[in-house]
Amino acid sequence: MSNSFLKQPKSVWAVAFACVIAFMGIGLVDPILKPIAEQLDASPSQVSLLFTSYMAVIGVAMLITGAVSSRIGAKRTLLIGLAIIVVFSALAGLSNSIGAIVAFRAGWGLGNALFIATALATIVNSASGSVAEAIILYEAALGVGIAAGPLVGGELGTISWRGPFFGVAVLMTIALAATAFLLPASPPAARRTSILEPLKALRHRSLATVAITALLYNFGFFTLLAFTPFPLAMSARQIGLIFFGWGIGLAITSVFVAPRLQRWFGTLPVVMTSLLLFGADLAVMGVYAHHREVLAIGVIVAGLFLGINNTLITEAVMAAAPVERGTASAAYSFVRFSGGAVAPWLAGKLGEEINIQLPFYVGAFAVLLAVGVLATGWKPLSHLRTPAAHSKVEAEALTAADA
């Protein structure tokens, strides 16, 4: 690590700060799901639509982010994304019905898609020092944001369920101003990207296999994220602290543990093992769904497996098909987010109409199916079975897609 690592241009720190706030949105609403349901007289399945609308729009928007950025430039794409987040997060905080919040979360998802698809390239191009150091800075912002989201949401949620939404609006406004004034203008790309390229990339069986694996795994992921706060039945602050532990575990294993396991055992074996362990964790949470202590521990432990899986399955995407990294990432994100958006609503529906154990069992079954689907690609993805060291190019692609 050179001495220039922390001596970055102000423009880089502005974008990094915005990254922290953007990634906070992943777990920000977890602690306030139950208060929203209670105060707006909404069911768990209705409240879980906050995740469904958000992720569905992100999935579809990933098809167009490359086309937008290549035509108007990175800075304008960043600013448009930030402005959309500011407007829709504030509108969500002003809402008085669950339907309005769900709709405004969808708009928030569009802004987030435009922002996160462009942020890494902006930091890499503007940072001083090596590309690897710029990527570490970006990964640090990602980890801080994911971990801090539930914690901030829990603290602001003790004041009002509207607090986290207004908090994001204020912080993103600061990030928007800093990015507008400190980041130099960026010209459009030399080659314009087509929105059809990601869809065509899915013709490759290896890429489609990994994408469907991620779709099924997301059923378990969003069951954990969107449904667990209801059987926990704790205060916003307590739920925020639990998911803060989840985020810390995810960040640590994603950045430090996953690369080492990949070098020792290879990508595919480690992904399949982490999925099996995550599925077992969900099954245990299902058995003990009426015991809050077990659920709390299960959430934190899940973060350890999810960090490993998020990192290595994303690398598998980058090496799955002979297409550009951005195209592979967009195709993969489209499938996993668009399909996975069903999971939060389904988990809430099963929990309120049958029992609180069934969502965890369904999530565990979906994760086991993901292992089966990935196993069908054992031959097409044979290059991912052997240990290999990460290159700087792989690391750049990895963090871009993981965002």
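## About the model

Residues are numbered from 1 along each chain as its sequence is written, and side-chain values use heavy atoms, with hydrogens and water left out. Because the model is predicted, local features need pLDDT of at least 70 and side-chain atom pairs count only at pLDDT 80 or more, while totals for chains, interfaces and linings use all residues.

## Aromatic pairs

Let's start with the rings. Rings of Phe, Tyr and Trp (its six-membered ring) pair if their centres lie within 6.5 Å; planes under 30 degrees apart count as stacked, over 60 as edge-to-face and the rest as tilted. By this rule there are twelve aromatic pairs. One of them joins W108 and F165 edge-to-face, at 6.1 Å centre to centre with 70° between the planes. This pair links distant parts of the chain, 57 residues apart: W108 sits in helix α5 (residues 98-126) and F165 in helix α7 (residues 163-182). Helices here are DSSP runs (H or I, at least four residues), numbered from the N terminus.

F165 is buried at 0% relative accessibility, where buried means under 20% relative accessible area with a 1.4 Å probe, protein chains only. F165 also pairs with W161: the ring centres are 6.2 Å apart and the planes at 80°, so this pair is edge-to-face. W108 is buried, with a relative accessible area of 2%, and W161 is buried with a value of 2%. Elsewhere, ring pairs link Y217, F221, F222, F243, W246 and F278 into a cluster.

## A charge over two rings

R105 lies over the face of W108, at 4.8 Å from the ring centre, and over the face of Y54, at 4.0 Å. The rule asks for CZ of Arg within 6 Å of the ring centre and within 35 degrees of the ring normal.

## The nonpolar core

A nonpolar core is a set of buried Ala, Val, Leu, Ile, Met, Phe, Trp, Tyr and Cys residues joined through side-chain atoms within 4.5 Å. The largest one has 109 residues, and those touching the most other members include C19, F165 and W246. Helix α9 (residues 205-227) gives the most to this core, with 13 residues. Domain 1 (9-190) and domain 2 (194-392) both contribute, so the core lies between them. The domain bounds come from an automatic or database assignment.

## A buried threonine

T77 lies in helix α4 (residues 74-94) and is buried, at 1% relative accessibility. Its side chain reaches the backbone oxygen of G73 at 2.8 Å.

Definitions and conventions
Helices (H or I, at least four residues) and strands (E, at least two) are DSSP runs, numbered from the N terminus. Buried means under 20% relative accessible area, exposed over 50%, partly exposed in between (1.4 Å probe, protein chains only). A polar contact is a pair of N or O atoms within 3.5 Å; within protein, one must be able to donate a hydrogen and the other to accept it, and residues adjacent in sequence count only if both atoms are side-chain atoms.
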